[in-house]
Amino acid sequence: MNPIVGLDVAKGESQVQAFLDQSKPYGKSFSMKHTKEELDQFLDFLKEVEEVAGQMPMVILESTGHYHSPVIQYLEEQGILYILLNPIISYQAKKSSLRKVKTDAIDAYQLCVLYYKEDFEPHKIRGIQLLDLRNLSRQQEIVTNMYVEAKLQFHTILDQVFPEYRKVFGDLYSRVSLLILKEYPTSEAVLAAGESKLAESVIEFCPSRSGQWAWEKAKKIMDSASRNPFQINVYQSHVINLRMYIELLFHYQGHLSELEDRIVALANEMEEYKIIQSIPGIGEKIAATIISEIGEIDRFNHPKKLVAFAGVDPSVHSSGKFTATINRITKRGSSRLRHSLYLAVLCGIRSSRNKKLKAFYDKKKSEGKPAKVSIVACMNKLLQWIYALLSRKETFLDLA
């Protein structure tokens, strides 16, 4: 027999359906909450199926964001093999039914049916270090997006209070720039303080710079206040909002700095990190994202599978005598990995940092390929190099 147990995972609970063999469902489906007690009962059920079928059943379930995490961790702790499906695969299988019926019980049943139709491999457990690195990299992306949004809102308020202040410091978001603006958010506050007081504040907030630099900045602040179209601030709410966004910017800057330090420290413990960085155009952040999204390279037994995982393989459209000549990439893999490869290619071909990659890009361009198509081809090529380097544990030799 070839037993399988299908789990339709939802928030906090799953629907369970077992099969002893193809077309041989075992009992009725039932609901299981993601608690220690009910997970233990689920383990007892797996052992019951094992007694009847003669072997421990495999478990099949969909990847559902983070809802499946407690089930996966429990299965790994108990040494139970499982198949983690991309939702696209199971969704396409469900669409093949003529009847348009959707319930959790039917979904669990269909997962078992799908198992017998396809040749799935058990999920390969990823190392804790790589999962930690992936979680940190993804959190960094989330916080970065929040930081960008806060910047946009900050700009909107600054445009209504003190737009001329943008020209004072080279980096508007530097610590000294934000602290000065927080202390003196309006033209009235700047002009009332005077140049001497402003210079003292600049020295206090940035003691590493010279006194002359502080006086120059104080003069620039005074000039910007004189040019500012809002000489009198009418809305106190704008000042409150401006100071609030300054606090938010400091908050996000602190979190991003801490995340970056932790990512670099964790990545430096991994051999793969140094191998990836040997490729010209790939820096610390891109390298950390690439290895965290790929995971252990032995998860893929062929470079084409890694290319498909990144979603940079071309789609195929052929019907009858028609075969499409223009095919877009599938974009069905890791979007974070795809974005990192795109940045790595841009950095590599810019100023010919990566001579091999630049030569390959120029070759594609000479064949008449558009720039975007050539870049995607470079992403594909770069991913094949990464597969070879990680598999052989070798560094990159840029000999064009």
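Biologist: Which residues gather in a patch of negative charge on the surface?

Modeller: In this predicted model, they are Asp44, Glu48, Glu50 and Glu51. Asp and Glu count as negative.

Biologist: Where is glutamate 50, and why is it called partly exposed?

Modeller: Glutamate 50 sits in helix α1, residues 36-53. Its relative accessibility is 32%.

Biologist: How many aromatic pairs does the structure hold?

Modeller: Eleven. One of them joins phenylalanine 30 and phenylalanine 45.

Biologist: What makes phenylalanine 30 and phenylalanine 45 an aromatic pair, and why is the pair edge-to-face?

Modeller: Their centres are 5.0 Å apart. The limit is within 6.5 Å, so they pair. The planes stand at 80 degrees.

Biologist: Why is phenylalanine 45 called buried, and phenylalanine 30 partly exposed?

Modeller: Phenylalanine 45 has 12% relative accessibility. Buried means under 20%, so phenylalanine 45 qualifies. Phenylalanine 30 has 28%, between the 20% and 50% cut-offs, and is therefore partly exposed.

Biologist: Why is the pair of phenylalanine 162 and tyrosine 165 called tilted?

Modeller: The planes are 55 degrees apart. Stacked needs under 30 and edge-to-face over 60, so this pair is tilted. The centres lie 5.5 Å apart.

Biologist: Are phenylalanine 162 and tyrosine 165 buried or exposed?

Modeller: Buried: phenylalanine 162 is at 0%, and tyrosine 165 is at 1%.

Terms used
Residues are numbered from 1 along each chain as its sequence is written. This is a predicted model: local features need pLDDT of at least 70, side-chain atom pairs count only at pLDDT 80 or more; totals for chains, interfaces and linings use all residues. Side-chain values use heavy atoms; hydrogens and water are left out. Patches are made of residues with over 30% relative accessible area and no salt bridge: like charges are joined within 9 Å, nonpolar side chains (Val, Leu, Ile, Met, Phe, Trp, Tyr) within 5 Å. Accessible areas come from the Shrake-Rupley method with a 1.4 Å probe; for residues, only the protein chains shown count as cover. A salt bridge is a side-chain nitrogen of Lys or Arg within 4 Å of a carboxyl oxygen of Asp or Glu. The place of a charge is taken as NZ of Lys, CZ of Arg, CG of Asp or CD of Glu. Helices (H or I, at least four residues) and strands (E, at least two) are DSSP runs, numbered from the N terminus. Buried means under 20% relative accessible area, exposed over 50%, partly exposed in between (1.4 Å probe, protein chains only). Rings of Phe, Tyr and Trp (its six-membered ring) pair if their centres lie within 6.5 Å; planes under 30 degrees apart count as stacked, over 60 as edge-to-face and the rest as tilted.
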